[in-house]
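Hi,

Here is the structure I promised to hand over. Have a look at it first, and my notes follow below.

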Amino acid sequence: MTVYFIGAGPGAPDLLTLRADRLIRSCGMCLYAGSIVPEEVLANVPPQAELINTARMPLDSITETINRAHQSGIDVARLHSGDPSIYSAVAEQARRLTELGIDYEIVPGVASFSAAAAALGHELTVPTVGQTVILTRVSGRASAMPPGEDLKTLGASKATLCIHLAAHDILRVVSELEPNYGADCPVAVVAFASRPDQVIVRGTLRDIAQKVHHHGITRTAVILVGEVLAAEGFPDSFLYSDDRPRDAEGRTIPCAH
């Protein structure tokens with residue numbers, strides 16, 4: 001018996017990986033958070049499988065449910081939105097499964113920030129403009145942020161920021177970033193990326209809060225901040241350069257420094 005922590009992607013069912021789809025079709029129990037995993041993602045759960053919405057279940061109850069499946073030798077598909085490596089709360093579950101001697105495997109999925117960038121039609125790393133992406137959130141509803149990971153501190157780098165779980169607090173986000181990025185820094189907020197009800201709001205730190213409030217966006221959104229969102233006139237990537245030394249297969253030949 002194995003518990004599969006499956007990245008269910010940002011919402012569009014056709015963004016599930018082939019491995020995720022295969023496991024969803026084969027497991028005898030499927031756990032999902034109904035508040036963030038769309039019903040369309042559950043379309044291929046077998047009719048005979050036990051389907052459980054964990055949205056209002058405490059962690060101990062979820063663990064007990066998984067242990068029940070373990071005792072019966074039933075594989076479990078545990079669906080998490082986006083990719084399990086980011087804000088999925090897999091670590092707490094994995095710790096308990098290890099204590100119980102239950103095997104688990106993590107199946108990666110399409111992350112919400114990737115889906116948001118795709119919806120915007122942007123690469124988040126642009127030559128000479130931005131080569132660093134920081135994935136973060138703000139303290140508040142979830143656990144407190146560790147020291148030194150507040151937006152004001154992270155913003156000193158002026159790297160591209162992908163801020164999760166913060167749309168409800170957009171005024172605070174703006175106030176903490178504006179001193180480092182400036183009021184004219186491009187911002188985009190993508191809610192429900194890849195879903196039919198996807199909403200994209202573009203602006204700057206000067207006006208993005210007003211626009212977000214106008215659209216009523218408070219959850220299931222990613223805030224992207226950085227000059228890469230409006231970059232123009234930048235040089236082509238070294239990947240396409242005729243000066244790039246390549247081997248017979250076209251791979252870059254490392255240069256001695």
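Let me start with Tyr87, which has a relative accessible area of 41% and is therefore partly exposed (buried is under 20%, exposed over 50%, partly exposed in between, with a 1.4 Å probe and protein chains only). Tyr87 sits in the loop between β4 (76-80) and α3 (90-100); helices (H or I, at least four residues) and strands (E, at least two) are DSSP runs, numbered from the N terminus.

A word on the source: this is a predicted model, where local features need pLDDT of at least 70, side-chain atom pairs count only at pLDDT 80 or more, and totals for chains, interfaces and linings use all residues. Residues are numbered from 1 along each chain as its sequence is written, and side-chain values use heavy atoms, without hydrogens and water.

Searching the whole structure gives one aromatic pair. Phe5 belongs to strand β1 (residues 2-7) and Tyr104 to strand β5 (residues 103-107), so the pair ties together parts 99 residues apart in sequence. Phe5 is buried at 0% relative accessibility, while Tyr104 is partly exposed at 35%.

There is also an open sheet of five strands, ordered β6-β7-β10-β8-β9 with mixed pairing (strands pair if DSSP finds at least two bridges between them). Its edge strands are β6 (133-137) and β9 (199-204). Within β10, Ile223 is the bridge partner of Val189.

Best wishes

Notes
Rings of Phe, Tyr and Trp (its six-membered ring) pair if their centres lie within 6.5 Å; planes under 30 degrees apart count as stacked, over 60 as edge-to-face and the rest as tilted.
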